[in-house]
Amino acid sequence: MSGSITVPPSLRASKVLGIGGYRPTRIITNDEIIDKIDSSDEWIRTRSGIETRRWASDEETVVNMSVAAAGKALANAGVRPEQVDCVIVSTVTHLYQTPSAAVEIAHKLGTNYAAAFDVSAACAGFCYGLSLASDMVRSGTAQHVVVIGVERLSDLTDQYDRSTAFIFADGAGAAVVGAGNDGDEAGIGPVVWGSDGEHLNHIRQKKEWREALFGADGPEMPHLVMDGNPVFRWASYEMSKVAQQALDAAGVSVDDLDVFVPHQANMRITDVMVRQLKLPEHVGIARDIAQQGNTSAASIPLALERMMEAGEAKSGDLALIIGFGAGLVYAGQVIRVP
Ligand SMILES: CC(C)(COP(=O)(O)OP(=O)(O)OC[C@H]1O[C@@H](n2cnc3c(N)ncnc32)[C@H](O)[C@@H]1OP(=O)(O)O)[C@@H](O)C(=O)NCCC(=O)NCCS
């Protein structure tokens, strides 16, 4: 036996260093979609809290929106693209099986041949990616990691489907994760995550690609379908428990918390979680869904960015984030706002 494997000596603290988002320019009002789903502006506002959403144009691709969001996050973090060691992209709407969106994004950002890969964890994707990035930085595998949540859900949404057409939307959000200085406390708490395959079919692509393209009814886009009601109940009640576990894992109480940024699935789900967690009045609640719709993996960084820009989340604040969605999958952690 010869030689020995050298590993970085000890775990260090990881932090979110910067956040950035990209919102497509085209704003879609409820009035523009209600005729196709026999609905009303009032029903959509009351049942989901959504007033407008954004749908991407042809030029606002998964890659282009991601590059814009990540560029902003890097600028806010004060990190140059060539300092990035890894790019993680969470998405379920990059319509190429291969190569990954992450490789093209890493290239367009101008990284120095950074490692790059995509993650498929639906609306929990940003928190999954953040957990991976945090562990890479803590263990010394990477110095700086860009985590992106990006979706063009309008591509996979049937505009005539009453349970999805008013909810899903497009956008990108990004975070830069890096190491703290010696002696710094952790900026990203332990993740609490999991999956529940018993509910595999509650949110799903209607058909697999071969069936959609070559099946008897094809060719057609294999749209997403959702059993809204069971998802609503699962998200509201089970995810409140996961959110509490994420607080406990970080050793943080609701009184210590400054902001709560849950996945922007439905305003009513957020309201139930706020009540279940008994969040005190002083905790700022992300409500980006009203203007942005449900952007799946992009929703948490976009919502946090809006709160930071509005002064509702300040540098150093403690934020509880939690993502949940198709799978069903979930992940939550406490982070310090950069
Ligand atoms: C989709 C959702 C808003 C539907 O709300 P809901 O209260 O569960 O609605 P239901 O399906 O039980 O239907 C209730 C009534 O509204 C009607 N309805 C359903 N969709 C409608 C629409 N788009 N417009 C108008 N009426 C609608 C139904 O026909 C039903 O009418 P009825 O009472 O006369 O029979 C809700 O289930 C939801 O938000 N689920 C979670 C979705 C989500 O967050 N997904 C992403 C997770 S990542």
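Helix H3 passes helix H4 in a right-handed crossing, a crossing being right-handed if the near helix is turned clockwise from the far one by less than a right angle and left-handed if anticlockwise. The contact (heavy atoms within 4.5 Å) is made by Val62, Val63, Asn64, Ser66, Val67, Ala70, Gly71 and Leu74 of H3 and by Ala101, Glu104, Ile105, Lys108 and Leu109 of H4. The model is a predicted one, in which local features need pLDDT of at least 70 and side-chain atom pairs count only at pLDDT 80 or more, while totals for chains, interfaces and linings use all residues. Residues are numbered from 1 along each chain as its sequence is written, and side-chain values use heavy atoms, with hydrogens and water left out.

The axes of H3 (residues 62-77) and H4 (residues 101-109) come within 9 Å and cross at roughly 50°. Axes here are lines fitted to C-alpha atoms, for helices over the stretch in contact, with angles from 0 to 180 degrees between N-to-C directions. The two helices are therefore oblique to each other, the class left after roughly parallel (under 35 degrees), roughly antiparallel (over 145) and roughly perpendicular (65 to 115). Helices (H or I, at least four residues) and strands (E, at least two) are DSSP runs numbered from the N terminus.

Turning to charged pairs, a search of the whole structure finds 17 salt bridges, each a side-chain nitrogen of Lys or Arg within 4 Å of a carboxyl oxygen of Asp or Glu. One of them joins Asp155 to Arg152, at 2.8 Å from N to O. Arg152 is buried at 11% relative accessibility, whereas Asp155 is partly exposed at 21%; buried means under 20% relative accessible area, exposed over 50% and partly exposed in between (1.4 Å probe, protein chains only).

Arg336 pairs with Glu185, their closest N and O atoms being 2.9 Å apart. Glu185 is exposed, at 52%, and Arg336 partly exposed, at 30%.

Arg287 and Asp271 form a further salt bridge, again with closest N and O atoms 2.9 Å apart. Arg287 sits in the loop between strand E12 (284-285) and helix H9 (289-292) and Asp271 in helix H8 (residues 267-277), so the pair ties together parts 16 residues apart in sequence. Salt bridges also link Arg23, Lys72, Asp288, Glu305, Arg306 and Glu309 in a network.
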